[in-house]
Amino acid sequence: MQKYKILWADDEIELLKPHILFLNNKGYNVTPVNSGADALDEIGNDNYDIVFLDENMPGMSGLETLSHIKTSNPNVPVVMITKSEEEHIMEEAIGSKIADYLIKPLNPNQILLSVKKLLDNKRLVSEKTNLSYQQDFRNISMAFYDDMDYREWVDVYKKLVYWELEIENTEDKSMSEILDNQKDEANKNFASFIKSNYEDWLNDPNSDYPVLSHQVMKKKVFPQLEDDVPVFFIVIDNLRYDQWEILEPAMADLFNIVEDDFYYSILPTTTAYARNAIFSGMTPKEMERKHPDLWVGDDKEEGKNNYEEEFLKHNLDKNRLNIRSSYHKIIHVSHGKTLVDNTANLMNNDLNVIVFNFVDMLSHARTDMQMIRELAPDEAAYRSLTLSWFMHSSLLDFVKKISESNVKVIITTDHGTIRVKRPFKIIGDRNTNTNLRYKQGKNLGYDGKDVFEVRKPELMQLPRQNVSTSFAIAQEDYFFAYPNNFNYYVNHYKDTFQHGGISMEEMILPIVTLRPKNYG
């Protein structure tokens, strides 16, 4: 064990010899001093891993000594020790960023616990986390051999994300590679599950199916309009469940979580299909048939999500909801500022729909800009970049503002992303779409079974551009590449975050209902 050095300052240090001997016997090197001034001299001459500081010392008090220590050595953890239980002393010490607070008379194990918490915490957490994941590893792997339903797949995905975030927060990441391999195995089995069940979900009303994209508003949003409380439906484009998990603590400071649920994205998992399905309440096939003026197919050059507000209005009319509503898409900083400034007016509406596009832009920027790739080389860094955006975003400003009123908030996304690693050769004509995770076109050519073939798009509720149109949808971490430009595609797109295909990350999506803490 590392020989940690502890500095202990107390004007009655002689009375603490039994505790000092106890720590010495546990392998810690304790230096005792009688005053705050002596403590500062010691810190100026040597490096200490932790400082114990008596609050009530004559001359320079513990709080005064603490202030000097934090000025010269801000990163050294300080444990304040006092006989007093007065609240103002505790608050002042905590406000001065102490690491722990102990009240006399001291207990040896109480002291040891504080030391271990501060000095051995990372090692102990790493050991416990790795051991716990090893114990759960077999349970997760065995589940793959069961005939799981969509709920059980959500549970497996939640477990994998939980362990990913836990291991990420440890010093020893020796289990990361094993977890990555288990996620790969999970996605392989998940793809088989989707290929076996997806058609029934869309066409058989008696099948056991999850809430899908085109059912989100009817099943999750519209029921919240029953009382006279404004509903805010916030769609953060391209947000994975693991990204939501790191945003949730900031939201939990403002809101109570009423329902923490999931839904499944339709295929392909892209804005054109999945997000338009959310707002229209229709499958892509229905959108093309009923609203040909609004549906923009893959063969068109224009943006695929320019008519979300119109689709939303048709959806409200279809469900006979004669309500006051608004729709806002936040792409630029100025849009977000305008939204925040307009919050008071939004309170007059029954339903406010807001789309935040930043995470999607981050994903595309990471593909196209080397600098962003350097900032976010893997999932952990991608999550960190998402959190950094959120903590300085107009979205946080907005939810802070609406949390002061009696509102209902529903937060979700339209699809997730997956970091693609393996190229899959495909051949298509010049009219084939450019997405790396799905292809739509005539006479698509490819070898291998690691793809979801959709020869009859209408059975998957997808529009058919012409008689010979078919879809090829990538699964797991594959991405499509053309043979005649294969090396370029591999070099440029490998390890980028893409969407459109079949994976837990792209299809299993959080949908969370919140109420402000003052009203929940």
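User: What is the volume of the largest cavity?

Analyst: In this predicted model, the largest cavity has a volume of about 50 Å³.

User: How do you know which classes line the largest cavity?

Analyst: Asp, Glu, Lys and Arg count as charged, and the lining of the largest cavity has five charged residues, four nonpolar and no polar. The second largest cavity has a lining of five nonpolar, one polar and one charged residues; Trp 295 and Lys 304 are among them.

User: Why is Thr 412 called buried?

Analyst: Buried means under 20% relative accessible area. Thr 412 has 1%, so Thr 412 is buried. You can find Thr 412 in strand E10, and its contacts include Phe 233, Tyr 263 and Pro 510.

User: Which residues have the most contacts inside the largest nonpolar core?

Analyst: They are Phe 233, Tyr 264 and Phe 279, in a core of 107 residues. The largest share of this core, ten residues, comes from helix H6. Phe 279 touches Phe 233 too, along with others including Met 217 and Tyr 327.

Methods
Residues are numbered from 1 along each chain as its sequence is written. This is a predicted model: local features need pLDDT of at least 70, side-chain atom pairs count only at pLDDT 80 or more; totals for chains, interfaces and linings use all residues. Side-chain values use heavy atoms; hydrogens and water are left out. A nonpolar core is a set of buried Ala, Val, Leu, Ile, Met, Phe, Trp, Tyr and Cys residues joined through side-chain atoms within 4.5 Å. Buried means under 20% relative accessible area, exposed over 50%, partly exposed in between (1.4 Å probe, protein chains only). Helices (H or I, at least four residues) and strands (E, at least two) are DSSP runs, numbered from the N terminus. Contact means heavy atoms within 4.5 Å. On a 1 Å grid over the protein atoms alone, a cavity is a set of points where a 1.4 Å probe fits but cannot get out, and a pocket is an open set with protein on both sides within 12 Å along at least five of seven lines; lining residues have an atom within 4 Å of a point. Grid points are joined across faces, edges and corners, and a volume is the space filled by probe spheres set on the points. Lists of a residue's contacts leave out its neighbours within four places in sequence.
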